[in-house]
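This report describes a structure from its chains down to single residues. It begins with a pocket and then turns to the chains and to selected local features.

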Amino acid sequence: MSSILARLVSDLDIAVLERTPQGSFNMVSEMPEWLSTLIPETTVHHEALFLEDIFLFLDDFLERHASFWNQPTLEQITSGVWTEVLPDGKEQLLQATALFVQERPLLLLKVPFHQEAWPIYQHAREQRLENEQLVEEINKREVLLHCIVHDLSNPLSGIKGSLDLLLSEELVEPEDGNELVQLGIRQATKMQKLIRSILSTFANEVKPLVPTLIGEDIAPDINACMHEVAESLSATASLRDVHIKVDSDRSKDPVKVVGETERLERVLFNLVANAIRHTPKGRKITMSLREEGKYIEASVEDEGTGVPEDLVDHLFDRFSQGNDSIGQAGLGLYFCRITVEGWGGIIGYRPSASGGACFWFRLPKPIKNPPASE
Amino acid sequence: MLGSFAVGKTSLVRRFVSGIYSEDYITTIGARVEKKCITIEDRPLNLLVWDLNGEDKFQKLNMDYVQGSEGYLLVIDKTRPASLEVAHTLHQKAQIVLGDIPFILVINKSDLPDAWDAQEKEIEQLREQGWIIKTTSAKTGTGVDEVFESLARLIMQT
């Protein structure tokens with residue numbers, strides 16, 4: 001080999017061996033360090049090496065391609081990558097290529113690029129394993145939580161039923177018992193709502209997504225939903241001296257979006273109920289609609305103090321709670337997100353011009369003539 | 001040795017060939033080839049074991065490696081249901097290249113607690129279809145020699 005070529009081969013850590021008619025190999029390049037540790041010390045001048053005795057992998061490769069050496073060819077054959085354990089315990093990746101150069105049968109042994117990529121493969125698989133374990137753990141906890149919530153639900157119904165009975169049958173003296181019984185009923189009702197909220201969230205996750213190709217005829221009217229929610233929460237808002245305003249007229253033409261009426265109302269209900277909790281007395285909450293190309297954007301804007309910056313990124317995460325959310329499960333906004341996303345929409349938060357909070361979501365408009373389902 | 005990544009293929013081979021076990025997970029790239037002499041029914045046999053990289057999205061299995069095999073162990077991890085799906089895929093690929101040759105489904109990591117009752121039914125169905133299924137623990141050594149020897153016996157019978 002020319003000195004330049006020899007230098008290149010050496011720098012690339014490649015061993016070049018020439019095959020003899022007897023099937024052994026003679027080293028024609030400098031011996032790479034990794035190879036010298038594997039060659040028996042008894043071998044003189046690195047000649048007549050029987051590689052299949054040194055590398056079990058090559059035993060198969062050379063045997064399978066024995067006919068390759070019969071006739072010089074421009075073709076070459078490259079093996080897969082294999083691992084050799086060096087005497088110091090270090091693992092070395094190798095790859096072999098059989099070829100003819102000027103009709104001389106050569107075998108190249110080289111360190112493939114995988115050697116450098118090894119830590120990346122290792123890290124990627126470790127991360128993947130960790131991820132699988134986490135997912136498994138989360139699944140187990142969710143099933144457990146679901147079971148617990150179900151188990152809580154039944155006795156709670158019993159407690160509430162008993163309290164209702166006490167009240168309706170006048171089994172307690174009004175002056176000392178009624179108020180306490182009513183308190184118990186209120187608390188039990190609140191807890192039932194919380195349980196329903198948790199169950200609904202889980203159920204929603206496992207439900208297949210509503211197809212986004214729903215037609216205009218069955219799509220909900222988001223304007224009507226807004227008015228419905230404003231009405232149902234008006235009493236709660238009044239108690240806090242908060243006014244709910246819907247920007248659009250109830251009698252206007254329906255504003256159809258992809259979704260389903262009951263859950264769409266729950267999304268709006270959660271956003272408005274949230275706003276009521278964060279709006280100071282005497283202020284208002286505004287619900288608006290506007291068209292955004294193929295989407296309809298709904299927003300709920302309050303005149304509170306807005307969401308602290310450090311909470312914004314996690315507002316729609318599961319069990320995410322604000323600083324003053326005592327008694328809240330942190331599932332309301334999460335429910336909103338997965339529901340809206342399930343319908344092909346997007347939900348978000350921005351500070352309002354008044355300094356309060358503005359929660360918005362966009363839902364696709366339904367198509368006019370959906371294709372008939374098969 | 002065919003199976004998803006991190007199901008314990010290399011650990012099983014090390015336990016079988018060298019009698020050692022390490023908790024450390026070192027991913028395999030390409031193939032490792034090991035040899036062990038065993039005696040089956042008074043006949044000495046040289047078992048060449050090809051420990052192949054697990055298939056995942058980072059690395060596909062080079063089917064060149066399986067050519068010439070006379071039998072294979074399909075290894076799954078008892079704690080990872082997804083490893084059974086990978087085993088199915090690899091089994092189909094192996095059948096295309098090798099035809100119907102002996103194989104054993106190895107449920108490794110038997111020392112760990114059960115994590116996937118849901119798959120028990122599927123395993124049972126495979127057993128009913130005639131699959132040979134054995135459990136092992138490379139960590140404790142339970143069932144390891146037996147599974148390699150069973151495969152060797154199956155190979156000798158064919």
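## The second largest pocket

Helix α5 (114–168) of chain A and helix α1 of chain B each supply at least two residues of the lining of the second largest pocket; helices (H or I, at least four residues) and strands (E, at least two) are DSSP runs, numbered from the N terminus. The model is a predicted one, in which local features need pLDDT of at least 70 and side-chain atom pairs count only at pLDDT 80 or more, while totals for chains, interfaces and linings use all residues. Residues are numbered from 1 along each chain as its sequence is written, chains are lettered from A and ligands numbered from 1 in the order in which they are written, and side-chain values use heavy atoms, with hydrogens and water left out.

The second largest pocket has a volume of about 1000 Å³. A pocket is here an open set of points on a 1 Å grid over the protein atoms alone, where a 1.4 Å probe fits and protein lies on both sides within 12 Å along at least five of seven lines, and lining residues have an atom within 4 Å of a point; grid points are joined across faces, edges and corners, and the volume is the space filled by probe spheres set on the points. Of the 43 residues lining the second largest pocket, L129(A), Q133(A), A6(B), D77(B) and K109(B) are the closest to its centre. The largest share of this lining, nine residues, comes from α5(A). By class, the lining comprises 15 nonpolar, eleven polar and 17 charged residues, where Ala, Val, Leu, Ile, Met, Phe, Trp, Tyr, Cys and Pro count as nonpolar, Asp, Glu, Lys and Arg as charged, and the others, Gly among them, as polar.

## A6(B) at the pocket

A6(B), one of the residues closest to the centre of the second largest pocket, is found in the loop between β1 (2–3) and α1 of chain B. At 11% relative accessibility, A6(B) counts as buried, on a scale where buried means under 20% relative accessible area, exposed over 50% and partly exposed in between (1.4 Å probe, protein chains only). Not counting residues up to four places away in sequence, A6(B) touches L129(A), Y25(B), D77(B), R80(B) and K109(B), a contact being heavy atoms within 4.5 Å. The C-alpha atoms of A6(B) and R80(B) are separated by 9.8 Å, although these residues are 74 residues apart along the chain.

Chain B has four helices and six strands, and from the N terminus on its elements run β-α-β-β-β-α-β-α-β-α. Buried residues make up 50% of the 158 residues in chain B, and of the contacts in this chain with a separation of 6 or more, 70% are between residues 24 or more positions apart.

Helix α1 (residues 9–18) of chain B and helix α4 (residues 144–157) of chain B pack at an angle of about 90°, with their axes 9 Å apart. That makes α1(B) roughly perpendicular to α4(B), a term for angles of 65 to 115 degrees, with axes taken as lines fitted to C-alpha atoms, for helices over the stretch in contact, and angles running from 0 to 180 degrees between N-to-C directions. From α1(B) the contact is made by L12(B), V13(B), R15(B) and F16(B), and from α4(B) by V144(B), D145(B) and F148(B). These contact residues divide into five nonpolar, no polar and two charged.

## Chain A

Chain A has eleven helices and eleven strands. Buried residues make up 41% of its 374 residues, and residues 24 or more positions apart account for 60% of the contacts in chain A with a separation of 6 or more.

Eight of the eleven residues of helix α11 (residues 332–342) of chain A are buried, so this helix is largely enclosed by the rest of the structure. The buried residues include L333(A), Y334(A), F335(A) and C336(A). G344(A), whose phi is positive, near 85°, follows α11(A).

## Positive phi outside glycine

Q102(A) has a phi near 50°, a positive value in a residue other than glycine. Q102(A) lies in the loop between β5 (91–101) and β6 (104–110) of chain A and is exposed, with a relative accessible area of 74%. D241(A), also not a glycine, has a positive phi of about 60°; D241(A) is placed in the loop between α8 (234–239) and β7 (243–246) of chain A and is partly exposed, with a relative accessible area of 46%.

Notes: Parallel < 35°, antiparallel > 145°, perpendicular 65-115°, else oblique.
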